[in-house]
Amino acid sequence: MSEDTPGFEEKPEVPDAGQNDAEPKAADSAKEEAAAPAGDASQDVALLAQLDQARTALSERTTDLQRLQAEYQNYRRRVDRDRVTVKEIAVASLLTELLPTLDDIGRAREHGELVGGFKSVAESLETVAAKMGLQQFGKEGEPFDPTIHEALMHSYAPDVTEDTCVAILQPGYRIGERTIRPARVAVAEPQPGAAPKSPGSDAAGAEGETPDGLDTDAPDEG
């Protein structure tokens, strides 16, 4: 008879089920940890690509905005310039229509007819025209300039060395640098064949003259 305790059979050792399940889980976690760096790297690459796209889009929009600002500034300058030009044209047109009246006022002043209430009205009109930028020009004795003078008469004079305005038949008018009517003048030209005077010619002639025809040589001694 065996020594084993009757009624009890020996059971073979069975591995613990929990231990067997832990091993696959540990293997899976190891694989996930190994795959994690690769996933993070691909995600970083995608983020960098999106960032580059955003930077490119921002640069394009900035360029578009700068171009629009430059176009707007050019537009404003052009509008301002056109506005000034239109205003100058309107003022010049108005003042041009007033020139005959200003000529009548000038002739009345020359003949002493600018008196009384007419004088006050005339002076007020001239003041307003001057405030609007109208300037009168043209003086006797100034050199003839075909860009601002209109020659109505020509003559010759021995005492001029260049074409000279010797009479102002009708004054000229300008607004700023813009001439709206040239001065109408009489022009004297140098006498043909006349020798130009040198600055010291008169003084030299005066020194060479001897008063009362006396000889300037010193008398001989003895």
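Predicted model: local features only at pLDDT ≥ 70, side-chain atom pairs only at ≥ 80, totals over all residues.

Me: In what order do the strands of the open sheet lie?

Reply: The order is S2-S6-S3, with mixed pairing among the 3 strands. Strands are DSSP runs of E with at least two residues, and helices are runs of H or I with at least four, both numbered from the N terminus. Two strands pair if DSSP finds at least two bridges between them.

Me: Which strands stand at the edges?

Reply: Strand S2 (149-157) and strand S3 (164-170) do; each has a single partner strand, so one side of each is left without a neighbour in the sheet.

Me: And in which sense do S2 and S6 pair?

Reply: S2 and strand S6 (residues 183-190) pair in the parallel sense over 8 bridges. Tyr156 stands opposite Glu189 in S6.

Me: Is Val187 buried or exposed?

Reply: Val187, found in strand S6, is buried, at 2% relative accessible area. Buried means under 20%, exposed over 50%, and partly exposed in between, using a 1.4 Å probe and protein chains only.

Me: What does Val187 touch?

Reply: Leaving aside residues up to four places away in sequence, the contacts of Val187 include Phe144, Ala151, Met153 and Val166. Contact means heavy atoms within 4.5 Å.

Me: New topic: how many salt bridges does the structure hold?

Reply: There are 8 salt bridges. Each is a side-chain nitrogen of Lys or Arg within 4 Å of a carboxyl oxygen of Asp or Glu.

Me: Which residue forms a salt bridge with Arg109?

Reply: Glu126 does, with the closest N and O atoms 3.0 Å apart. Arg109 lies in helix H1 (residues 17-110) and Glu126 in helix H2 (residues 116-131), so the pair ties together parts that are 17 residues apart in sequence.

Me: What about Arg184 and Glu150?

Reply: Their side chains meet in a salt bridge at 3.3 Å, N to O. Arg184 is in strand S6 and Glu150 in strand S2, 34 residues apart.

Me: Which residues are linked in a network of salt bridges?

Reply: Glu60, Arg61, Asp64 and Arg67 are linked in this way.

Definitions and conventions:
Residues numbered from 1 in each chain as written. Heavy atoms only, no water.
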